[in-house]
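The sequence and structure come first, and the description follows.

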Amino acid sequence: MSAPWNRRVSTGFAAAGAAILAGTVFTVGTAAAEPVPEAGTCDADHVCMWEDAGYGGDKWVNWQPSGTGQIFEIGGWNGDNEISSALNRTGYAIMVYADDGAQGDAFCIHAYQPIQNFQEVGFNDEAESLMTKSAC
Ligand SMILES: [Ca+2]
Ligand SMILES: [Ca+2]
């Protein structure tokens, strides 16, 4: 699920989300947006998450953690409550939380486990933050 303004955020107006909602879309564009990686691929030692099942749509998470207990904050306008698939190419377990700051309901992805569709594990469009652990 993705609102139309999310598409625009992904293509160059990341810092202008509030302005987009306020209706002044194309006058505030000073922030450089990061390039959107190709959907469906994930580099070794990275955790990647997408808005659609089957590793499709916008890729909102592309994280290379370096230890346990590290938190990745999914962006409020860039992925919160949208994640529907994940590839964990790290040796860490990845706790996926329903709230910011590694809070709320959680689901644990094992090391190197792919989640093709979060609907199948009851956590679709829920993720707002992540944390590495040594094991589930
Ligand atoms: Ca989704
Ligand atoms: Ca978040």
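## Core contacts and selected residues

M49 is in contact with W60, V61, I83, S85, A86 and A127, leaving aside residues up to four places away in sequence, where contact means that the C-beta atoms of two residues, placed from the backbone, lie within 7 Å. The model is a predicted one, in which local features need pLDDT of at least 70 and side-chain atom pairs count only at pLDDT 80 or more, while totals for chains, interfaces and linings use all residues. Residues are numbered from 1 along each chain as its sequence is written, and chains are lettered from A and ligands numbered from 1 in the order in which they are written.

M49 is also among the residues with the most contacts inside the largest nonpolar core, which has 23 residues; such a core is a set of buried Ala, Val, Leu, Ile, Met, Phe, Trp, Tyr and Cys residues joined through C-beta atoms within 7 Å. At least two core residues come from each of β1 (47-52), β2 (56-63), β4 (85-88), β5 (93-99) and β8 (129-133), strands being DSSP runs (E, at least two residues) and helices likewise (H or I, at least four), numbered from the N terminus. The largest share, four residues, is supplied by β1.

G104, in strand β6 (residues 103-109), touches Y97, A98 and D99, again without residues up to four places away in sequence.

| Residue | C-beta neighbours inside 10 Å | Class |
|---|---|---|
| G104 | 12 | exposed |
| D45 | 13 | partly exposed |
| Y112 | 12 | exposed |

D45, in the loop between α2 (17-22) and β1, has a positive phi near 65°.

Methods:
A residue is buried if 20 or more other C-beta atoms lie within 10 Å of its own, exposed if 12 or fewer, and partly exposed in between; C-beta atoms are placed from the backbone.
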